[in-house]
Structure formats: structure tokens, C-alpha cells
Amino acid sequence: MTYILSLLILVPLLGAVVVWVAGTSQRLAKLIALSFSLVETALASFLLVGFINPSWGVVFGPPTATPPPTPGAYVPLFYMERYTWISQFGLNYIVGVDGLSIPLIWLTALLTTLALVFHWDEENRPRAFFGLFLFLEMALAGVFMALDFFLFAIFWELVLLPMFFLIGIWGGSNRRYAALKFLIFTHVGFVIMLFGIFTLYFNSAGVNAAVYGTNANTLDMTAFLHGALRHETGGLATYLPLALQIPIFAVFLFGFIVKLPSFPFHTWLPDAHVEAPTGGSVLLAGVLLKMGGYGIFRINMGMLPEAMKDLWWVLAVLGTVSMVYAAFVCLAQVDLKRLIAYSSVGHMGFVLLGASSLTVIGVQGAIFQLFNHGIITAILFMLAGSVKHATGTRDIPDLQGLAKVMPQFSLILAIGFFASLGLPGLNSFWSEFMVFVGAYGSPNLGEMRRLIIIPLISIVVTAAYYVYTMQRILFGDVPEKLGHSHDLLPWERVSYVVLVALVFLVGFFPVPFLGMINAYTSASFPWLGGL
Amino acid sequence: MIAYEWVAWLILLLPLGAFLVIGLVGRRLPEGGGMVAVGAMAGSFVLSMYVFVQVLQQGGLGGGFIPQTIPGYVWIPSLLPENSIKISLLIDNLSSLMLVLVSFLCLLIFVYSLGYMHEDDGKARYYAEVSLFATGMLGTVSADNFLQLLIFWEIMGLCSYLLIGFWYSKPEAAAAAKKAFLVTRVGDVLFLVGVLVIWNVFGTLSFAEIQGKMASLYPNTLTPQLLTLIPLLLFGGAVGKSAQFPLHAWLPDAMEGPTTVSALIHAATMVKAGVYLTARAFIFLVPISSAIQPPFTAILVIAAIGGFTTLFAATMAVVNFDIKRVLAFSTISQLAYMFLGLGAGAYTMATEVSHGEAVDSAGYSAALYHLFNHAFFKALLFLGAGSVIHAVHTNDMREMGGLSKSLPITSKVMLFGGLALAGIVPFSGFFSKGEILSVTFDAGAANPGFYWLWALGVGTAFLTAFYTFRLWFMTFHGEYRGHEHPHESPRVMTVPLIILAGFTLASGLLAYPMGGFGNLIFFGAPAAGLPLVGIPVQDYLLEGVSMGVAVLGLALAWAVYATKRIPAERFTASKGGAFIHRMLTKRYWIDDAYDAFGRTVVYDAARALDWFDRKVIDGIVNGVGRGGVVVASGSDRFDRRVIDGAVNAISLETVRTGLRLRQRQTGQVQSYAWVVVLGIVVVIALVFGLSFLQRWLGGLGR
């Protein structure tokens, strides 16, 4: 069954259409949306277990990689589909997945489903609301599996639209500003990225000839992936020269760090989150930010390794600054949701730092961090939604003693906060630990490795802002006005239970995910250093 | 070989299971699941004994037992299988003894809790959290590598945080929990860096493999600087966890938690983890061959922090009126003794190794011996204090007094505990503390600095006896000064106290049948004979000195607080005395300084950066946005007046169309949504249509 990936795009798209057409009542709209989303999650789960253990891949067969026609090393990409679209322009429909994209696709399906469940009582234009979620799911799945630049760009842009409307229609009081800011920021990032795509296209004939035997310009991403790998492992003498890689690297990196986001292009994120509805925030932080990280590994590292080896320090500096800066800014936040938004900036700094290390363990940690952060931040944004629903406010100074009146909420909050601050045994500890191991052991650093203490400061400050927040909102006496706050709603509980279970499961048994990521890094980046 | 290896795993899994059961359904169980916790702990204790007995049977005494790793599963896979990080248990003399000690104390304290926490509404939460804690502590002492140790160490830290803040509606408890977590977190980060460095140098984190690779990596990969840095970083973690200067400030405040928690976590077990870690770090401190230059600087830092903190903390215990805080300062001080013993022992050993002489691990054994003894008598003192607090409902010793009549059992067992803490023969504290002081004195031969540290230790022995009996006399002697009607605690609380009181004698004397504690717990080769057996004469002299000053301290406490022949006011009335008293009650202003640092430096930095983010970065963003709008409206005007003007002139029809289109521009975002979606559908249709057209045309061409 090789059409599984197209199915993953078509199911939510079809779902969106069905919701728009048939979702005449709130009940109907959410039930249709949920069933399509569950089908999508099931498909993604079959895909995931097949990757964790090929012998479990019974539904769609074990994953098999498609090699390019020419002999030599190649980047294994699985379940590939390739159709010619408009051959005159070199446009193809190419999709494929590997250990980098599978966790993210699964995360997309899972978080969409849970976001829908979390919004079970959404009454404001339910048809459009639930439909947009499915549309967003389609676009996100597409981004993570597109292997043609044109397709990638289309999906990349399609992601913006549903999120723009989710913020702009269902958002808070300042939603127009936030939605516009989100749109302009990421769109500018995209437009600049387009220069990179064009430059690659006009310099692709040589690579295409070497990999696919066709001496024509191409937008096929796999040509560059295979070409770069062969060049790095000595199988291909001429690839894009460094002088060309560097400007391309720079424009892509710009697009990706805007999306990630990294200091100093992060200010759209807190505004977007504060205004977005809970489910929008969950997908925004849980999956949309991961597009930036995905792009860095797929394009900057996978296709431009020479530039990566030259400019790793840019990522290291940006990552470190984001980590420390965001941690301090979090400490001063009043709005709980804003705090969580800034904490995302800090946690995405780990991704940059891990990638910059150019070590096996650091890169693995960074990819794992994408997944772990998606799980944890989904919990945290849901909590911000729950507390707003229950008490009418998200401002930390107005909340106090919630452990007494909202014990379930408080338990989840404590788990989420401790997971986010990297408590050993919970999932994000592993990714953060691996990033630090990689960064410290990076062959680039030499004597400068003692600088590792700077990003490590952020660990203490992160603990400080979480523990300080818990002290203020959970502990102490309950003020009169919060005395009757209701605890978690039943459908909210469903979403939390699934995510918290993952926090523990991945924390205690990280191997299924790490094994998958390990297979990806060792096959795609054999040139990485470190232990 | 341990028969039935899974038994060792079960030691950890039983309390973990209790945690899960109580956490899920504890509210519905009798005593909030207390019996489940006690039952699981009893099981862990029996299994720990089983493992320990096997170790003994296989020659544990005298070094015949070969340390054994019980494999678990892989945590982080790696390209090279030997580099992957696994969870596995290490069973050797030290860990098997620690398992017994921890599970026994947990069991006693859980039983005591059945009485102490009986009235509390949060019982289920309590038993769930202490069961998780027990898992963490048992995991810490049986970890086979530094990362696993760190993980269980942090689980303990989490439980400590939750249990200090157990009565979370009290603002002091919430603040103390935060302080404990953050201060120890500073140490944990240093520990984490240590783990990173070890991993980077050795490519493994397991104790045994590190020791094996040491000789081949020195001095190229493992430079002398790194060999100094690694134990110091690990010790940084120990300083946080064991509340040593300068990260000591959290422990006295941690007394806001239930007294059982103070006894278990903040006296008997968790705070010992730092000592345990430093003992495991001996593989770095004491090299296996003379080819490796030992990291003397690191050793000296450990000993000096220990020597300083022991006196430093003891002085603060002298002026406190909170019965639990006195014991907390005392815990800091006694832990510092252990670090002093480890440091002095390591120095002597390292010196001997570098001279190629026979190695004697007296300091290592003495420090762990003190750990063992202290766990019993300090748990006893805390539980006794808990019994007192249970009776009089206050922590303030000024509202106690004369309680020996109403609390006869408590007062007697606390007397036992006090004598052990003060180091009076034949109670356990005497042997181990005396041994530490003699080891320190002996290290003076290699480095005269240790004579100074010895002097600090002897001074502390004096203060220890003084504050211990100050506590005892203020609580149990004289007339009752409070307003309650105190009565003795129930049997479920007094029986554990009596058992522990027995151990204040037994734990010291147990070394005798072992042929000396050093015969069981040693680093390198067993050191049979210490203490009690075959002690050189000079050591009798040194131990006589340490007990002599203890007796003096006891006598002074008697004179000041029992007979009141020397009133304390005489000291505080003088100008210098008043200043010292103020300095000690303000804890040398260190807590204030930390608070001020957190409030002003850290928090103000955070606020400044937040301002920077909102005003500067976002200001630039908004400025660029506004600039864009200006440019856009300019070109809009150009478009409408110049270009559109020309167009309008050409075709009126265009204007009409435009007017019609303008009606569609309702300004409603959702209507834009439909337009955009429609647009996308059109684009997709167009693209697909084009591709079909192109194929069709291509087909025609062929």
C-alpha cells in the first residue's frame, strides 16, 4: 500500500469539506470532524508503529525505502509516492516520510483530535471552526511529507490560512492585530524562503543529472538530499559549492527561525497565543512551530551540509540567546498563556542548540525535543484554557490556592510544569539532556565548550518561573471569588489523560522514538560527529 | 551472584506500585492507603535484607563479594552499543547496605505516620508521595551509573518539594517548597554538567566502566584539569542536596513540611544522597595507580566545605527556638562531618596512592559509618520532636518545658538520641564522629590544613552537645510553659521510637561483629578493624578529646538551661554578644541576601527583558509594520488617483464593476475566509486542470 501518505492528506481535506457541507448543527459538525480526525490518527498510528518496529507494520506493510535510479548512497525515504504534475516546469507530486517526519505527522493527527475534543462545547460558528481544524491538519501533514519544493511551499502557505482565521475569528479582544502579525511575520519568512527555493531550482541540473540522470532543473527535494549525502560521503564530487550554499542557507534559516521562532523574531508568538482559542494555541505551539525545526533538519542540514558546518555558530548563538532570554522574560509574565508562549521560545532554543552541535546525540535530542515539546506544550495551553474557562481569568496575580478547589487541574498543571522544566524521568528531560550532551561534546567548540554553562542557566531560571508560578496560583488560601471554580470538564479530562500518559510513557521508555530518530540521523547524516 | 536477580528490581517496584495504587484509589482505602504504603515498604525491606544477606554470605565482609550489575533496559540507544545508556542496578556492599538502611527507616517512619497523619485530610496524597519518594531513594542508592543516579535523585527532589509544601495553604510552606526546589536545582545543574563532562570524556556513565577506563584516558583525554573539575561538579550537586554551605539555606525552611517528612527526607535519607554521591565520586578522587596525579584541589575543597559548614551550621542551631529547626541545623552540621571525613580520607588515600603505598580507606568508611548511625539517631530525634509537637501543638521550645512527666517515653528516647548526637560513649555517634575526627587529624600529616579542619570539628563537637541538650532541657526539663494538655503519643508512634532508640546503641556496636565497619564498607581494599577493633592508642586520645569537649558542652547546657546557674541573658546583654546573637538568628544574613538577589537582580532582570521585548523588539516590529502601511497607503493613493484615474477615463464600466466588488468587501473576516478557501480551490483546480491538459496535449502530440 503505497498511497498511505496521500490518504493522510486526503482524509482531513475530505473531512473539512464534509464538515462545511454537512455540519449543519454544532453536534453534527463536531462529530463529523472528530470521526475524520480519528481516522487520520489511526492511519498515522499504523504508520508510526510500522516505523517503531517494521514487523508491526502489518496494515500498510513494513516501511521500504525508495532508492534513486543511480547507484550510491541515498537518504532512505519511505512510502514514497511520485507523480508527474507539470513536467515542463519540473513540478512533481512527491511525498515520503522518514524518522524525522513520522513523529511530527503523528503529533499533528493526535493534537488535532485532542484539540477538537477539548473544544467539545464550542458554540461560535462550529461548522467553520471544526472544518478549519481539519483543513489545518491536512496542510500540516502535507508540509511534513512533501518532498517537492513546490508542494512544500503550497502546504507551507496553506497552514497559515486556517490559523489566521482561527485567531482572527475565535480569538480574544486583540485578535485582529495578533492574526495579522502572525500572518505577516510568517508570510515574510516564506517569501524570503522562496528566494532560496528559486536559487536551488536554477542550480539543480547538475545534481539532478548525478542522482536521477536527468540534466534538467528540478524542484525535487530528494535530488538534493541524495546529492548532499553523496557529496558528504565522497560519492559525488561536485555538489552546490559553499559560496552558493551559504546564501541559500541564510534565507531558509530566516524562514525557519521566524516560524520556530527564535530570538529576535519571536514577538508574533506571544501575541498570537494570547489571542488564539485554546485549540489554535495547541496546534500553533504543538505543531506549527515544529515546521521551523523540521525545515532546519530537512533543508538546512539535509541539503546544505557544507553551509551548516560553516554557519553552525549562528544556530548556537540564536538558540542560546533564545533559551536564556525567554526564560527571564517568562519570569516577568502576568498572563499564564503569555508565560507558556515565551517558554516555547526557550524550548525551541534547544532545537537550534542541538542542531548546531553537529553531533549525533545533539541532533537526535533536538528532533526528539520537537516531539516532546509538542506533547507538553499542548498540555500547558490546554491548562491555560481550562483555567480561563473555570475562573474567568488567566492572570497569575488573580489566581491563588487553586489546589484546593481545582485538584485535578492542579495535578495536571504540576505534571505539565515539571515535564516542561525537564524533570528527569519525564519526556523532555531526555531531549534536553541529549541536546546538552551534544552541545558540550560538539567537535566545533574545542576549548569553548565551557560556554555550555550559559544555556544551562536557563534550566535554573526555567525551574524558577514554573515553581514560582505554582506557588502563586496553586498554593495559599482560596480567595472568595475563586471559591466556586469548577474543576476540569469531562472532555478536557480525556485530552489531558492521553497527553499525560505520553509524558510518562515517553519519559520512561524513550527508546521507540529514539530508535526511529536514531535510524534517521544515522542514515541521513553519517557525517555527524560526536559519540 | 545474587540468586533471583528480579528480587532487586522488586525492591524499587514495590513502593512504586504503592505510589500508583494510592495515587489512583488512595482516597477510598482505609488510612488513605497508609497500610498499602507500609505493606509495600515491609516487602522492600524484607527483599533488601535478602539481598544484603546474600552479599554477606558471598564474602561481603572482607571484600569477597564481586559487585554485580543487574541489567534493565536501554534508555538512549546509540550507534555503538557500548555507548547506549541503560538503566541497571548495581549491587555491591555499599548499595546493599544502603537499601537495607533506607527501606528499614522508610518502614519505621511509615508506621509512625499511621499515627502522626491520622487526623490529616490529605493522607492519601501523603502516602502516595512518600511511596514515590521511597522509590526515588532506593533507586538513587542502587543506581549503576551517574545518569540513573541523577534521575532518581531528581525524583526525590520532586517529592521533597511536594512534601515540604504538603500543607500548601500555608504561605510559608509554599515558599519553603519553592526555595528548596530552586536552591537544590542550582546544585543539580552542576551535577548535570558533571554528567555531561563524564560522558564526553569516558563515553560511559557506569561507575565500574569509568574506573576501568581511567588509566587509559589519562592524561590526554582525561586531563588533570578535567579530573579536578568532574568531582567538583558532582560535589556541587551534593552541596545542594545535602544542604552544605553555600546552598544550605533551604533545609531549615524545609521544616514547614510534616515532621515525618523532615525525619525521613530531610534527616535520614534524601540529604544523605549527597554524601553517597561523593562516596561514589571516590573513583575520581582516589586514582587506582600512582601514574595518575590525584585531584588534591578537589579533595581539599570537599574537606574545607565540610569542615566549615559543620561549625557554621552548629552555631546557628545554638540560638534557634524552633525544635525542628535546631535539628535541621544539626543535620547540616552532621552531614558536613561526613564530607569532612570523606575529604580527609580521600586526601590520605590519594597521598598514599601517589607514593605507591598500601591504601587505607578509613575516612571513607568513617564517613559512611556516620551516615549509617546518623540516619538512626536523627530520625529518632525528629520523630521524637514530632511526638512532642503532636502533644503541644507548637514548634516553639519556649512554650514547652517539663514534658518528661507527660511524655515519659518520648523524653527517654530523645535522651538516647541526644546522647548519640552529642557523641557520648557508648552511643553510636561517638564511634563514627570520633573516627571522622581522628581521620581528619591523621590527614594533617599530609597537609597541615587538616589540623585546622580538625579544630573546627572539635569545636563543633562542643556546640553539638550544647545545642542538643539545650533542646532536651528546654523541652523536657523544668516547668511546662505552654497552655495545652500534653499526653503521650499512641503506641503506633512510640514503638518505632523505641526501636530507633535501640539502634542508637546498636548501630554503633554492630560494627563489632562485622570486624569493624570498614570491613564491610570500604573503597579499594577492606580495612578491617575500624572502629572498636584494634584502634591505635593515639586514636583513643583523639576520641577522648572529642568526647571530652562534648561533655563540656553538655555541662554548659545543663548550667544554662537546666539549673540556670549561668543565664543566657548574660551573654546576649553584652554588646558583642548581642551582635553575635543577632547575626546567628539572622543566619549570617545569607537567606536575606539570597532573597534580595532573587527579588532584585533576577526578577528585575526579568522585568527589564520583558520591557525590552515589549517596547524595543516589538516596537521595531510595529514600526516596520506602520512604515509598511504608510508606503502602502501612498501607493494606494498613487494607484487610485493616477493609474485608476487613467483607467477610469478609459472605461466607466470598470468603475461599475469596482463598485459592485466593493460591496463584497464587507470587512468581515469570515467572509474573507470563504473567499480565500474558494481561491485555493480554484488554484488547485487550475493546477490539476493544467496538468491534465498538458498530458492530453502530450498524448495528442504522440
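Ala29(A) has its place in helix H2 (residues 26-52) of chain A, where helices (H or I, at least four residues) and strands (E, at least two) are DSSP runs numbered from the N terminus. With 23 C-beta neighbours inside 10 Å, Ala29(A) counts as buried; a residue is buried if 20 or more other C-beta atoms lie within 10 Å of its own, exposed if 12 or fewer, and partly exposed in between, with C-beta atoms placed from the backbone. Not counting residues up to four places away in sequence, Ala29(A) touches Val19(A), Gly23(A), Pro126(A), Arg127(A) and Phe130(A), a contact being a pair of residues whose C-beta atoms, placed from the backbone, lie within 7 Å. The model is predicted: local features need pLDDT of at least 70 and side-chain atom pairs count only at pLDDT 80 or more, whereas totals for chains, interfaces and linings use all residues. Residues are numbered from 1 along each chain as its sequence is written, while chains are lettered from A and ligands numbered from 1 in the order in which they are written.

Arg127(A) is also a contact of Trp20(A), which touches Gly131(A) as well when its neighbours within four places in sequence are left aside. Trp20(A) is found in helix H1 (residues 4-22) of chain A and is partly exposed, with 19 other C-beta atoms within 10 Å. Between Trp20(A) and Ser428(A) there are 408 residues of separation in sequence and 38 Å in space, C-alpha to C-alpha.

Further along chain A, strands E1 (78-86) and E2 (residues 91-97) run antiparallel and are joined by six bridges, and two strands pair if DSSP finds at least two bridges between them. Ile86(A) stands opposite Leu91(A) in E2(A). Six of the seven residues of E2(A) are buried, so this strand is largely enclosed by the rest of the structure.

Among the buried residues of H6(A) are Phe182(A), Phe185(A), Gly189(A), Met193(A) and Leu200(A). The cover over the buried residues of H6(A) includes helices H5 (149-170), H8 (221-232), H9 (242-259) and H10 (268-275) of chain A.

Where the two chains meet, 51 residues of chain A are in contact with 47 residues of chain B. The elements of chain A that give two or more residues to this side include E1, H5, helix H12 (305-331) and helix H18 (453-473), and H18(A) provides the largest share, nine residues. This side of chain A divides into 38 nonpolar, 11 polar and two charged residues, where Ala, Val, Leu, Ile, Met, Phe, Trp, Tyr, Cys and Pro count as nonpolar, Asp, Glu, Lys and Arg as charged, and the others, Gly among them, as polar.

Chain B has 26 helices and two strands, and 54% of its 702 residues count as buried. Of the 457 residues in the largest nonpolar core, Ile105(A), Leu105(B) and Ala379(B) touch the most other members; such a core is a set of buried Ala, Val, Leu, Ile, Met, Phe, Trp, Tyr and Cys residues joined through C-beta atoms within 7 Å. Leaving aside neighbours within four places in sequence, the contacts of Ala379(B) include Leu105(B), Ile109(B) and Leu500(B).
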